[in-house]
Amino acid sequence: MSVSIQLQPSPRCLFDEPLEVRVSGLSPLQQVTLKAWLRDDKEQLFHSAAFYTADPRGQLDLAHSPSLGGHYTGVQPMGLFWSLSPVTPFTRLVKRDVATSPLSVHIEIFEGHWSLGQLPAQPLATAINQRWFMKEGLLRIPVREGRIRGTLFIPPGNGPFPGVISVNEIKGGLLEYRSSLLANHGFTTLVLAYHNYDDLPKGMINLDLGYFEEAVHFLKQHPKVKGPGVGAIGISKGADLVLSMAAFLPDVRAAVVINGCITSAEFGLCFKNKLISTGLRHTVSRMKIADSGVADVSEVINEVDKDSIIPIENTKGTILFIAGEEDKNWNSKHYVDEAVKRLKEHGNDGFEVLRYRGSGHYLEPPFFPFCYASYHSVLNICTKWGGNAKDHSSAQVESWQKIQAFFRKILHQ
């Protein structure tokens, strides 16, 4: 019998769906190396490898067979995926084109236990897993409405659906993958650009919360959105913007804040011609740089000015705080603790908290590879984001499920 790799339930799936990887046709107790690799939209190569021993029937099932070494150890059904590492150091996997192409993960099996640089020329078998970001029937609509710049995703079906606005990190532009994946689960989502995109302002500016208010009204009034309010989700800089939306915009009924701050980071924030936050600043001299050239920036953030703290006690909806306890971009756990303290002091119990040990800053949807370090667009240096691959990846899976459940619970009320 020839060696073959089986991918179940199908070689084609959505990116956040788990995959069963099995191998048959091996010799009993044969030692093999499984390798996975992909190229992103910019042709950057990511790869991973793990060592296995076939069972007495000459088979492997990654849901039950333990890895004996390589990029991970133990029983990890999706380990080949979340342990993918960049060949070019400090490269973060980001999907830019969600509409026309998947991320194709090539899975190969080799005789013996070998590191990636020592693998034989020819694999025993190969398979390709196409991981898509849009399900069949999902609509993708570019939005240029008034000041609003973004992309709307509408699920298939009659609807209406719960509406969610997605706000990304500080680098700007328009990354759509989180919104498209969320829309696949039955949400009408609007990913909103806020700087460094199209005709929006470039560089460090005072942001206008009125722009985000326009986006809330646009989404709330859409015929495919179930009212009366909407949700919002943000990570990093996007998280404090979502927190500000929840505090000032009563139509934001459900807010997911992922590794965010309790004030406006870097940018000042205005609303109705009033400066409501001057922006969190940093002191570069406190940066620690390792021999590898990677910076630890966890201590560069200055203490929050009490007058610039977002008045989250005014929030009419419910907030879900998510914190990676080993976040090295800033102390997300501390910011959550301070937010909870402030809410309790004002008698506001409209919040939930998820904390994840071993998790760093970039909590992505499931099965995105763990990013140890990459370029920091504000500090202009490669920085480490904290956490470890196994715990961080587990947090991505659980938090993604919790986020969907949170939005369904709050927005279906």
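This is a predicted model: local features need pLDDT of at least 70, side-chain atom pairs count only at pLDDT 80 or more; totals for chains, interfaces and linings use all residues.
Me: Which strand is Val-167 found in?
Reply: Val-167 belongs to strand β13, which covers residues 161-167.

Me: Okay, and is Val-167 buried or exposed?
Reply: Val-167 is buried, because its relative accessibility is 1%, and buried here means under 20%.

Me: What about β13, how many of its residues are buried?
Reply: Seven of the seven residues in β13 are buried, so the strand that holds Val-167 is mostly covered.

Me: Which residues does Val-167 touch, leaving out those up to four places away in sequence?
Reply: With those set aside, Val-167 touches Leu-192, Tyr-194, Phe-212, Ile-233, Gly-234, Ile-235, Gly-238, Leu-241, Val-242 and Met-245.

Me: Switching to pairing, how do β13 and β16 run, parallel or antiparallel?
Reply: Strand β16, made up of residues 225-235, runs parallel to β13, and six bridges join the two; within this pairing, Pro-162 stands opposite Lys-226.

Me: And how many bridges are there between β13 and β14?
Reply: There are five bridges between β13 and β14 (residues 188-192), again in the parallel sense, and Ser-166 stands opposite Val-191 of β14.

Me: Which helix does the chain pass through from β13 to β14?
Reply: On its way from β13 to β14 the chain goes through helix α2, residues 177-183, and this β-α-β crossover is right-handed.

Me: Last one, what separates the C-alpha atoms of Val-167 and Asn-314?
Reply: Those C-alpha atoms are 21 Å apart, while Val-167 and Asn-314 lie 147 residues apart along the chain.

Key. Residues are numbered from 1 along each chain as its sequence is written. Side-chain values use heavy atoms; hydrogens and water are left out. Helices (H or I, at least four residues) and strands (E, at least two) are DSSP runs, numbered from the N terminus. Buried means under 20% relative accessible area, exposed over 50%, partly exposed in between (1.4 Å probe, protein chains only). Contact means heavy atoms within 4.5 Å. Two strands pair if DSSP finds at least two bridges between them. A crossover is right-handed if, with the strands pointing away from the viewer, the path from the first strand over the helix to the second runs clockwise.
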